[in-house]
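Please read it alongside the sequence and the model.

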Amino acid sequence: MLAPDTRRSLVPQRTTTPAPATVAAGGFRVDPAAIPGLRKVFTTALVKLDKQIEMAISDVRIRPWAGDPVSVQAASDFNDHSTGADSALEALQRYQRQLKGALDALTEVEQGYHTVEQDNTTLIQQGGC
């Protein structure tokens with residue numbers, strides 16, 4: 001029986017989006033050259049999402065249109081559903097936090113790669129390898 005290959009691949013090994021903590025903990029392998037492109041994609045998505053959240057916060061709430069108890073209740077129910085605890089807005093904000101976490105993790109990983117490269121360059125220049 002062959003021993004499992006313990007070398008780390010530089011190609012992403014998952015087809016689903018991992019949690020930011022998984023990325024930060026090294027549970028997702030990324031080619032260092034791919035990080036700037038990934039950061040750009042995540043940043044673009046975050047900018048679009050930020051606009052949608054801003055629009056949802058400012059434009060989604062409705063006011064009682066007739067001033068009667070029925071429209072007051074309908075407006076209250078609608079506003080609770082659209083901006084309350086289990087709302088579409090809350091889902092968008094959770095997704096926003098995940099994107100920010102993924103961007104932070106990518107930045108951390110990129111910095112780690114640069115640190116390793118600098119250390120390797122220093123070792124080679126000093127004749128350590």
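**Briefing: helices, core and salt bridges**

R94 counts as partly exposed, because its relative accessibility is 38% and that class lies between buried (under 20% relative accessible area) and exposed (over 50%), with a 1.4 Å probe and protein chains only. The model is predicted, so local features need pLDDT of at least 70 and side-chain atom pairs count only at pLDDT 80 or more, while totals for chains, interfaces and linings use all residues. Residues are numbered from 1 along each chain as its sequence is written, and side-chain values use heavy atoms, with hydrogens and water left out.

**Overall fold**

- The protein chain contains 4 helices and 0 strands, where helices (H or I, at least four residues) and strands (E, at least two) are DSSP runs numbered from the N terminus.
- Along the sequence, the pattern is α-α-α-α.
- Of the 129 residues in the protein chain, 18% are buried.

**Helix α4**

- Helix α4 covers residues 88–125, and its 38 residues should span 56 Å at 1.5 Å a residue, the expected span being 1.5 Å times one less than the number of residues.
- The end C-alpha atoms of α4 are 55 Å apart, which agrees with that expectation.
- At the start of α4, a side-chain oxygen of S87 comes to within 3.3 Å of the backbone nitrogen of L89.
- Just after α4, G127 adopts a positive phi of about 75 degrees.
- The buried residues of α4 are L89, Q96, L99, G101, A102, L103, A105, L106 and E110.

**Nonpolar core and surface**

- The largest nonpolar core has 7 residues, namely L46, L49, I53, A56, L89, L99 and L103; such a core is a set of buried Ala, Val, Leu, Ile, Met, Phe, Trp, Tyr and Cys residues joined through side-chain atoms within 4.5 Å.
- Helices α2 (35–59) and α4 each supply at least two residues of this core, and the largest share, 4 residues, comes from α2.
- In soluble globular proteins, nonpolar side chains tend to be buried together.
- W65 lies in the loop between α2 and α3 (69–83), and W65 is exposed because its relative accessible area is 59%.

**Salt bridges**

- The structure holds 3 salt bridges, each defined as a side-chain nitrogen of Lys or Arg within 4 Å of a carboxyl oxygen of Asp or Glu.
- One of them joins the side chains of E110 and R39 (2.6 Å, N to O).
- This pair links distant parts of the chain, with E110 in helix α4 and R39 in helix α2, 71 residues apart.
- E110 is buried, with a relative accessible area of 14%, whereas R39 is partly exposed at 29% relative accessibility.
- E90 forms a salt bridge with R94 (3.9 Å, N to O) and another with R97 (3.2 Å, N to O).
- E90 and R94 both lie in helix α4, 4 residues apart, about one turn of the helix.
- An α-helix has 3.6 residues a turn, so residues three or four places apart point the same way.
- E90, R94 and R97 are linked in a network of salt bridges, and R97 counts as partly exposed at 48% relative accessibility.

Methods:
Polar contact = N/O pair within 3.5 Å; in protein donor to acceptor, adjacent residues only side chain to side chain.
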